[in-house]
Amino acid sequence: MGVIEPQSQPQRRIRVSPTEPAAIRKAIVSNGGLVSLLPERFGLDYLWGAPGSWVGVQRKTPADLVASLMDGRVAKMLAMCEPVGVRVLLIEGRLEPDE
């Protein structure tokens, strides 16, 4: 799969995966974005066109990142999102020590 090309202006709207929390989806849609399966196609949570490229974001908590590294999901996601020009791994939250 080659690099995906940016589309016309309407394609620059942010697309959010339907698996993201409802409050996030609602905020994105209320600001002109849309819920779409397109980010999922590339293993991402968010995707939008920017001048000359696509930008994709995968959002993880520290605990999910560790689990994803251990079970190989991160490697799969990296392979899936390769066609996206700008890729961001957003780590959200605190890493809590084991109790």
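Start by selecting residues 46-50, strand S3, and residues 53-60, strand S4: the two run antiparallel and are joined by five bridges. (Strands here are DSSP runs of E, at least two residues long, and helices are runs of H or I with at least four, numbered from the N terminus; two strands pair if DSSP finds at least two bridges between them.) Now click Leu47, whose bridge partner in S4 is Gly56.

This is a predicted model, so local features need pLDDT of at least 70 and side-chain atom pairs pLDDT 80 or more, while totals for chains, interfaces and linings use all residues. Residues are numbered from 1 along each chain as its sequence is written, and side-chain values use heavy atoms, without hydrogens or water.

Next, bring up the whole sheet. It is open, with five strands in the order S2-S1-S3-S4-S5 and mixed pairing. Color S2 (34-35) and S5 (86-91): these are the edges, and each has a single partner strand, so one side of each has no neighbour in the sheet.

Last stop: the largest pocket, with about 310 Å³ of space. Select Gly43, Asp45, Gln58, Lys60 and Met77, which lie nearest its centre among the 17 lining residues. S4, H3 and helix H4 (73-80) each give two or more residues to that lining, and H4 gives the most, with five.

Notes
1 Å grid on protein atoms, 1.4 Å probe; cavity = no way out; pocket = protein on both sides within 12 Å on 5 of 7 lines; lining within 4 Å. Points joined across faces, edges and corners; volume = space filled by probe spheres on them.
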